[in-house]
Amino acid sequence: MTLGNADMKFTSHVNLPADAREDLIDVLNVNLANAVDLHWQVKQAHWNIRGKHFISRHQLFDSLADHLRTQADAMAERAGTLGGYAEGTIRLAAKNSQLPEYDLQAVDGDAHLSALVDRFARYAASIRDGIQRSEALEDPVTVDLLTQTLGVVELDLWFLESHLQGDARTTANRSRRDDVQLPGNA
Ligand SMILES: [Fe+2]
């Protein structure tokens, strides 16, 4: 996939073939776009969440946004190191992001959590794909950067989805007490 302008814009003396650097820059720009997009989706959740557990979720979302800013910065700078042009503006991110738009109907906490679990899972999958592509391109530095990033993203995904699993267990327990069959409940 090629993103807009030519990815290779600057001189780089990194000892990798130019075509490999070009593909790596593409990997990094895709994930940069996803990170910028997701950062602002998480802020959207931070600003618009209401309901029970407001303050803990409001604060959790802000910490996730901080992680995404750091991740975007690292990926943009790796693209630059490889001679690439980092495509990091809001408009470029909107054009290049693989994520769907945020759930603009979400109000209560669980709706925001569901939307964010979905977006974080997609972001994680994109980074995992980027790791495999970077391995094939034989760049251990980008592999390492993306692997460390994925560890943080999956930890953050766990923080998000644990809220929903806790609620599901509560629902299942109440259901058993009330002798009500839950669809799909093993
Ligand atoms: Fe804030």
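**Helix packing in a predicted model**

Q: At roughly what angle do the axes of helix 2 and helix 4 (residues 109-136) cross?
A: The axes of helix 2 and helix 4 come within 12 Å of each other; axes are lines fitted to C-alpha atoms, for helices over the stretch in contact, with angles from 0 to 180 degrees between N-to-C directions. Helices are DSSP runs (H or I, at least four residues), numbered from the N terminus. The crossing angle of helix 2 and helix 4 is roughly 20°.

Q: Is the crossing of helix 2 and helix 4 left-handed or right-handed?
A: Helix 2 contributes Arg57, Phe61, Leu64, Leu68, Gln71 and Met75 to the contact (heavy atoms within 4.5 Å), and helix 4 contributes residues including Leu113, Leu116, Phe120 and Tyr123. In this contact, 8 residues are nonpolar, 3 polar and 2 charged. The crossing of helix 2 and helix 4 is left-handed.

Q: How does helix 1 run relative to helix 2 (residues 54-81), and what is the reason?
A: The axes of helix 1 and helix 2 lie 8 Å apart. The packing angle is about 160°. Helix 1 and helix 2 are therefore roughly antiparallel.

Q: How many nonpolar residues are in the contact of helix 1 with helix 2?
A: Helix 1 passes helix 2 in a left-handed crossing. Among the residues in contact are Ile25, Leu28, Leu32 and Val36 of helix 1, and Phe61, Leu64, Leu68 and Met75 of helix 2. The contact of helix 1 with helix 2 has 4 polar and 4 charged residues, and its nonpolar residues number 16.

Q: How is helix 1 oriented relative to helix 4?
A: The axes of helix 1 and helix 4 come within 10 Å. Their crossing angle is roughly 165°. Helix 1 and helix 4 are therefore roughly antiparallel.

Q: How many polar residues does the contact of helix 1 with helix 4 have?
A: Helix 1 and helix 4 make a left-handed crossing. Their contact includes 11 nonpolar and 4 charged residues. The polar residues of this contact number 8.

How values were computed
Residues numbered from 1 in each chain as written. Predicted model: local features only at pLDDT ≥ 70, side-chain atom pairs only at ≥ 80, totals over all residues. Heavy atoms only, no water. Helix = DSSP H or I, 4+ residues; strand = E, 2+ residues; numbered from the N terminus. Parallel < 35°, antiparallel > 145°, perpendicular 65-115°, else oblique. Left-handed = near helix turned anticlockwise from the far one by under 90°. Nonpolar A, V, L, I, M, F, W, Y, C, P; charged D, E, K, R; others polar.
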